[in-house]
Amino acid sequence: MRSYERAFAFYLAHMGVVVAAVKRLGISPHTAAFDDVVADGMMIYVDYYRRYQDHISTVEEVKQFNQIAGFVVFRTLLRRREDLRKRQQADAERPIDPLAPTVVPSVEADVAVSAQMQAFVASLTPVERAVFSQLYDADATVTGAGKVLGLSPYKVRQIRQRLQAKYGASFGQPD
């Protein structure tokens with residue numbers, strides 16, 4: 001299993017760490033920004049997992065890793081929010097240049113990622129799409145998703161592993 005897939009699988013088993021960090025920032029699950037900030041937090045968590053040097057095998061080691069990772073996610077998101085606030089403040093103070101380009105370069109990248117995500121979702125079977133929706137859109141647990149969909153937790157885990165593999169293949173994530 002590639003390191004990205006291992007990291008993503010570990011994240012899926014412990015996504016509550018990121019959700020807790022986002023809530024600690026004061027962002028409510030009922031706000032529009034919540035899902036975007038959780039997605040950013042997921043990327044921070046997965047990246048931190050891939051760079052983490054110590055072996056994680058016991059329950060105590062997992063707990064220790066998640067405490068550190070939760071702090072790293074929280075601090076990184078907090079710093080990004082502060083940087084964004086400073087940029088917005090600086091932009092508000094800067095006079096508008098009517099000749100400046102109107103297209104932000106990151107918009108093109110966002111469109112490309114959005115197209116990739118649409119292709120990824122389109123490649124899923126109906127059952128995979130339902131599991132994906134329960135786990136990521138509804139933020140259900142494996143057991144909760146299984147109850148809603150009439151599947152065993154074991155089957156939901158199998159489907160989640162297939163989703164992770166397809167996701168890694170769709171986005172061409174390196175080891």
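The following legends describe close-up views of a predicted model.

View A. Glu128 lies in helix α6, which spans residues 126-137. Its relative accessibility is 2%, so Glu128 counts as buried, the cut-off for that class being under 20%. The side chain of Glu128 comes to 3.0 Å from the backbone nitrogen of Thr125. When residues up to four places away in sequence are not counted, Glu128 touches Ser123, Ile159, Arg162, Leu163 and Lys166.

View B. Helix α8, formed by residues 153-170, contains Gln164. Gln164 counts as buried because its relative accessibility is 5%. With neighbours within four places in sequence left aside, the contacts of Gln164 are Glu5, Phe8, Ala9 and Leu12. Between Gln164 and Arg6, the C-alpha to C-alpha distance is 9.2 Å, although 158 residues separate Gln164 and Arg6 in sequence.

**View C. A cluster of aromatic rings.** Phe8, Phe10, Tyr11, Tyr45, Tyr48, Tyr49, Tyr52, Phe65 and Tyr167 are joined into a cluster through ring pairs. The count of aromatic pairs in the model comes to eleven.

**View D. Arg24 and the ring of Phe74.** The charged end of Arg24 is positioned over the ring of Phe74. The distance from this charged end to the centre of the Phe74 ring is 3.9 Å.

Key
Residues numbered from 1 in each chain as written. Predicted model: local features only at pLDDT ≥ 70, side-chain atom pairs only at ≥ 80, totals over all residues. Heavy atoms only, no water. Helix = DSSP H or I, 4+ residues; strand = E, 2+ residues; numbered from the N terminus. Buried < 20%, exposed > 50% of the residue type's maximum accessible area, 1.4 Å probe, protein only. Polar contact = N/O pair within 3.5 Å; in protein donor to acceptor, adjacent residues only side chain to side chain. Contact = heavy atoms within 4.5 Å. Phe/Tyr/Trp six-rings, centres within 6.5 Å; stacked < 30°, edge-to-face > 60°. Lys NZ or Arg CZ within 6 Å of the ring centre and 35° of its normal.
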